[in-house]
Amino acid sequence: NLWLAWKMKENQTRYTFLAKKEKLIDTLIYSSGFFGLAMTIPQITKIWIGKNASGVSAIAWLSYILIALVWIAYGSIHKKKPIIITYVLWLICYIFILGGIALYG
């Protein structure tokens, strides 16, 4: 049946498009997660190497920790590796910053 073959081809094309789109979004998430983490390195350096946490808000970083935990739970429930990996790495950074605030704040 010609109509059925056309419909199957249309579905395959749509699936291929969505798979490529999902892969692009995954790549963007990994990239933004990496660059975002890299941008927190100066904050971590200031606190841990400079032993100075003045002007760094513990409440803000604690809030980021709570938000990261929610994202990790979401990623785990929906089995989204990019979300899980990104927010676990963020969580580690947040904990370093919050620990530094506790020590040097």
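This is a predicted model: local features need pLDDT of at least 70, side-chain atom pairs count only at pLDDT 80 or more; totals for chains, interfaces and linings use all residues.
Is Thr-40 buried, exposed or partly exposed? Select Thr-40 in helix H1: at a relative accessible area of 7%, Thr-40 is buried (buried means under 20% relative accessible area, exposed over 50%, partly exposed in between, with a 1.4 Å probe and protein chains only).

Residues are numbered from 1 along each chain as its sequence is written, and side-chain values use heavy atoms, with hydrogens and water left out.

Colour the model by pLDDT, the predictor's confidence in each residue, from 0 to 100. The average for the protein is 87, and 92% of the residues score at least 70. Confidence is lowest in H1, with a mean of 80, and highest in helix H2 (residues 58-77), with a mean of 95.

**The whole chain**

The protein has 3 helices and 0 strands, in the pattern α-α-α along the sequence; helices (H or I, at least four residues) and strands (E, at least two) are DSSP runs, numbered from the N terminus.

Along the principal axes, the C-alpha atoms fill a box of roughly 75 × 25 × 15 Å. The radius of gyration is 21 Å, whereas a compact globule of 105 residues would have one near 13 Å (taken over C-alpha atoms; the globule rule is 2.2 Å times the number of residues to the power 0.38). Buried residues make up 22% of the 105 residues.

**Along helix H1**

Select Leu-4 together with Thr-40. Leu-4 also lies in helix H1 and is partly exposed, with a relative accessible area of 44%. The C-alpha atoms of Leu-4 and Thr-40 are 54 Å apart in space, for a separation of 36 residues in sequence.

Return to Thr-40 and show its neighbours. Not counting residues up to four places away in sequence, Thr-40 touches Trp-90 and Cys-93, where contact means heavy atoms within 4.5 Å. Over the whole protein, residues 24 or more positions apart account for 72% of the contacts with a separation of 6 or more.

**Across to helix H3**

Select residues 81-104, which form helix H3. At 1.5 Å a residue, its 24 residues should span 34 Å, and its end C-alpha atoms are 34 Å apart, which agrees; the expected span is 1.5 Å times one less than the number of residues.

Next, select Thr-86, which lies in H3 and is buried at a relative accessible area of 8%. Thr-86 touches Ile-29 and Gly-33, again not counting residues up to four places away in sequence. Other buried residues of H3 include Pro-82, Ile-83 and Gly-100.

**The nonpolar core**

Which residues have the most contacts inside the largest nonpolar core? Select Ile-47, Val-56, Trp-61, Leu-91, Tyr-94, Ile-97 and Ile-101; the core has 15 residues. Such a core is a set of buried Ala, Val, Leu, Ile, Met, Phe, Trp, Tyr and Cys residues joined through side-chain atoms within 4.5 Å. H1, H2 and H3 are the elements that give two or more residues to this core, and H3 gives the most, with 6 residues.

Centre on Leu-91: not counting residues up to four places away in sequence, Leu-91 touches Ile-65, Ala-68, Leu-69 and Ile-72. Then select Leu-62 in helix H2, which is partly exposed at 42% relative accessibility. Leu-62 and Ile-97 are 35 residues apart in sequence, yet 9.4 Å apart in space, C-alpha to C-alpha.

**The aromatic pairs**

Show all Phe, Tyr and Trp side chains. A search of the whole structure finds 9 aromatic pairs; rings of Phe, Tyr and Trp (its six-membered ring) pair if their centres lie within 6.5 Å, and planes under 30 degrees apart count as stacked, over 60 as edge-to-face and the rest as tilted.

Select Trp-48 and Phe-96. Their ring centres are 6.4 Å apart and their planes are at 85°, so the pair is edge-to-face. Trp-48 lies in helix H1 (residues 2-48) and Phe-96 in helix H3, so the pair ties together parts 48 residues apart in sequence. Trp-48 is partly exposed at 28%, and Phe-96 is partly exposed at 45%.

Finally, select Trp-90 and Tyr-94, a tilted pair with 5.3 Å centre to centre and 35° between the planes. Being 4 residues apart in helix H3, Trp-90 and Tyr-94 are separated by about one helical turn. Trp-90 is buried at 15%, and Tyr-94 is buried at 9%.
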